[in-house]
Amino acid sequence: SKFFGIPSPELDLRTHFHGVDNAIKQKFGFRITSFIAEPSYFVPYLIDFILISLILIKPWFIKSVVITISILILISTFSMSGIFSITILSLILAITFLCKKQRNHHFSLSPKTTFAFVVATLGTLAWQANDYLQPFYDRFIFFVATGDDRRFYIFNRAFETLINATPHAIFFGFGPGAFAFFKYHTDPMEGTSNNMYVDLFLEHGFLGFLMVFLMISCLLLKAFFNTKKLPDNIFGFLFVAHLAVTSTYRADYASPRFWIVLLFIYVLIKYRNLSNQL
């Protein structure tokens with residue numbers, strides 16, 4: 001609709017830029033959010049799709065095309081959180097490839113070919129269209145590098161509120177829904193910090209935070225020790241890392257997606273190859 005003038009229903013999606021100058025807003029005009037009103041809500045689903053595509057799509061060329069298009073869509077969300085997630089997962093995947101290569105020289109060609117194809121394609125596009133990366137640079141300078149971001153303010157408020165509370169509140173928290181309560185305080189916060197760990201720390205205290213931290217740590221260790229054969233067994237580890245990273249900017253642990261991803265992780269750790277179970 002944006003490029004070709006095709007009529008489209010008004011979906012009330014959040015497509016506007018923030019944290020960039022007017023030149024960037026006029027040049028790009030919109031952010032891709034799909035049917036989800038916030039880009040950082042959309043990118044976890046997009047990365048879920050990329051990981052599942054890596055598992056289920058067998059022909060390396062189709063896999064490469066699907067992943068490349070998906071990453072281009074992810075970049076077009078202009079979400080710093082999405083770039084952070086995909087960078088961490090790419091580093092984990094690259095390090096695992098290198099470690100496995102040192103121990104096992106019988107290495108499949110198709111995963112390496114797919115990885116090289118995706119990297120080369122995205123590298124060429126970035127080289128030819130470096131202006132496309134300008135919104136990321138502007139948002140990083142204006143928000144992340146300076147710390148002048150609403151989320152950082154909410155993090156600080158949450159920790160200050162908890163630290164200044166009674167020992168009982170520090171250990172057990174203020175109870176479920178505490179963030180929603182503080183939203184109506186004299187100095188209001190948001191209804192959530194958009195960070196699962198901060199939300200749990202305020203609402204369930206050190207005890208609740210520790211339980212979830214231990215659960216994710218155990219999943220990471222269990223999945224890591226199952227990465228004996230590449231590429232199948234790596235995906236359980238990638239999904240756990242993905243869930244741990246996305247939880248730093250989306251506190252959606254009560255959502256269906258969170259528990260569906262946990263189900264994928266269980267299948268991948270228990271049976272080691274999701275594609276053989278579907």
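Let me begin with a pair of side chains, those of Arg257 and Asp252, which meet in a salt bridge with a distance of 3.5 Å from N to O. Asp252 counts as buried because its relative accessibility is 18%, and Arg257 is likewise buried, with a relative accessible area of 5%. Before I go on, please keep in mind that what we are looking at is a predicted model.

How many salt bridges does the structure hold? There are two, and the other one brings the side chain of Asp48 together with that of Arg257, at 2.8 Å from N to O. This pair links distant parts of the chain, since Asp48 sits in helix α2, residues 39-56, while Arg257 sits in helix α12, residues 256-271, and the two are 209 residues apart. Asp48, at 8% relative accessibility, is again a residue that counts as buried. Through shared partners, the salt bridges join Asp48, Asp252 and Arg257 into one network.

Let me step back to the whole chain. The protein has 12 helices and zero strands, and of its 278 residues, 42% count as buried. If we take the contacts with a separation of 6 or more, 68% of them are accounted for by residues 24 or more positions apart.

On the α2 side the contact is made by Phe42, Val43, Leu46, Ile47, Phe49, Ile50, Ser53 and Leu54, and on the α3 side the residues include Val66, Ile67, Ile71 and Leu74.

Helix α10, residues 196-225, and helix α11, residues 234-246, have axes that come within 9 Å and cross at roughly 165°, so α10 is roughly antiparallel to α11. The contact draws on α10 residues including Tyr197, Leu219, Leu220 and Phe224, and on Gly236, Phe237, Val240, Ala241 and Ala244 of α11. As for its handedness, α10 passes α11 in a left-handed crossing.

Where does Thr77 have its place? It is found in the loop between α3, residues 60-76, and α4, residues 80-103. Is Thr77 buried or exposed? Thr77 counts as buried, because its relative accessibility is 0%. A polar atom of the Thr77 side chain lies 2.5 Å from the backbone oxygen of Leu74, and Leu74 is also one of the α3 residues that make the contact with α2.

Terms used:
Residues numbered from 1 in each chain as written. Predicted model: local features only at pLDDT ≥ 70, side-chain atom pairs only at ≥ 80, totals over all residues. Heavy atoms only, no water. Helix = DSSP H or I, 4+ residues; strand = E, 2+ residues; numbered from the N terminus. Buried < 20%, exposed > 50% of the residue type's maximum accessible area, 1.4 Å probe, protein only. Polar contact = N/O pair within 3.5 Å; in protein donor to acceptor, adjacent residues only side chain to side chain. Salt bridge = Lys/Arg side-chain N within 4 Å of Asp/Glu carboxyl O. Axes fitted to C-alpha atoms, helices over the stretch in contact; angles between N-to-C directions. Parallel < 35°, antiparallel > 145°, perpendicular 65-115°, else oblique. Left-handed = near helix turned anticlockwise from the far one by under 90°. Contact = heavy atoms within 4.5 Å.
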